[in-house]
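Please consider the model displayed here together with its sequence. The paragraphs that accompany it move from a pair of helices to a strand and then to a further helix.

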Amino acid sequence: MKAETEITDESAPEAAEPRSNYIVRFYQPGDRAVVRRICADTGFLSNPIDPLFEDRELFADYLTRYYTDIEPESSLVCVVDGEIKGYLMGCRHHRRKAVFDFFHNIRLGVLGAWRYVFRPYNAASRRYVGWVLKQGRRETPVTPQNMPHFHINLLADARNIANSRGLIETFLRYLHENGEKSVYGQMVAFENRRTERMFARYGFRVIGQVEVTKYRGLFPGKVFLLTIVKDLDRNIGLYGLDLRKSVSHVER
């Protein structure tokens, strides 16, 4: 399973939408249930995960639990017209996450195996589990070591440049304030969107790319997972902006 980071392509239709009445704020414990729901509602190429994997609880647990329960101070939510519509999950403490993942993945593996046999999962979910076990690790591009990372998801009705930018710029400023020098994310690219040229416009460079086969039969085109990296010493903002100045629409 991999998180699907959203960096909106300015050529996409959502880029033309009017600016949202939104705020970005740091995650609070009461946001947990909504964040988990959004994770499942955006898990299949920004659509609900259900056609690919029916176990929304297990899916959300894998992708969000470390960020909400162990390092919540590095996560953000986007609130549009008073309702949480998206989030950015970040991590600065990579060793802490590695230790957590080791034990957490054992727990999820045992729970998933029990449900696989006794629930039982439907055919699509069984294919997905098979992909995780046989191909998931091979279909993961290079991952930088000892570097902060993030992933971001927004519901369809809030997926636009303003909201994406507000989340990412707030996180980049947070990293800079805590002395971090770089950051990476892993995200999906499909339908000729999210090209290297687009990432370069935001100050990111692509350092790895592999095709992800878990969507075959459910999505007509090829899907790739990319690793993107940003050097915060060179530029801590998007579009070359100086984030040492305040970012609007942000609440702590």
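What follows is a guided reading of selected features of this structure, which is a predicted model.

The account begins with two helices. Helix α1 spans residues 32–41 and helix α2 spans residues 56–70; the two pack with their axes 9 Å apart and at an angle of about 130 degrees. On the side of α1, the contact is made by R32, V35, R36, R37, C39, A40 and D41, while α2 contributes R56, E57, F59, A60, D61, L63, T64, R65, T68 and D69. Sorted by class, the residues in this contact comprise 9 charged, 6 nonpolar and 2 polar ones.

R36 lies in helix α1. Is R36 buried or exposed? Its relative accessible area is 14%, and the limit for a buried residue is under 20%, so R36 is buried. Apart from neighbours within four places in sequence, R36 is in contact with E57, A60, D61 and T64. For one of these, A60, the C-alpha atom is separated from that of R36 by 5.3 Å, although the two residues are 24 residues apart along the chain.

The next feature is a strand. Strand β4 covers residues 149–154 and is mostly covered, with 6 of its 6 residues buried. In a regular strand, side chains alternate between the two faces of the sheet. In β4, H149, H151 and N153 point one way, whereas F150, I152 and L154 point the other way, and all of them are buried. Strand β3, residues 83–91, runs antiparallel to β4 and is joined to it by 6 bridges. Within this pairing, G90 has F150 of β4 as its bridge partner.

The last stop is helix α5, residues 161–177, in which G166 is found. The relative accessible area of G166 is 3%, and this residue is buried. Which residues does G166 contact, leaving aside its neighbours within four places in sequence? They are Y22 and V24.

Key:
Residues are numbered from 1 along each chain as its sequence is written. This is a predicted model: local features need pLDDT of at least 70, side-chain atom pairs count only at pLDDT 80 or more; totals for chains, interfaces and linings use all residues. Side-chain values use heavy atoms; hydrogens and water are left out. Axes are lines fitted to C-alpha atoms, for helices over the stretch in contact, and angles run from 0 to 180 degrees between N-to-C directions. Helices (H or I, at least four residues) and strands (E, at least two) are DSSP runs, numbered from the N terminus. Contact means heavy atoms within 4.5 Å. Ala, Val, Leu, Ile, Met, Phe, Trp, Tyr, Cys and Pro count as nonpolar, Asp, Glu, Lys and Arg as charged, and the others, Gly among them, as polar. Buried means under 20% relative accessible area, exposed over 50%, partly exposed in between (1.4 Å probe, protein chains only). Two strands pair if DSSP finds at least two bridges between them.
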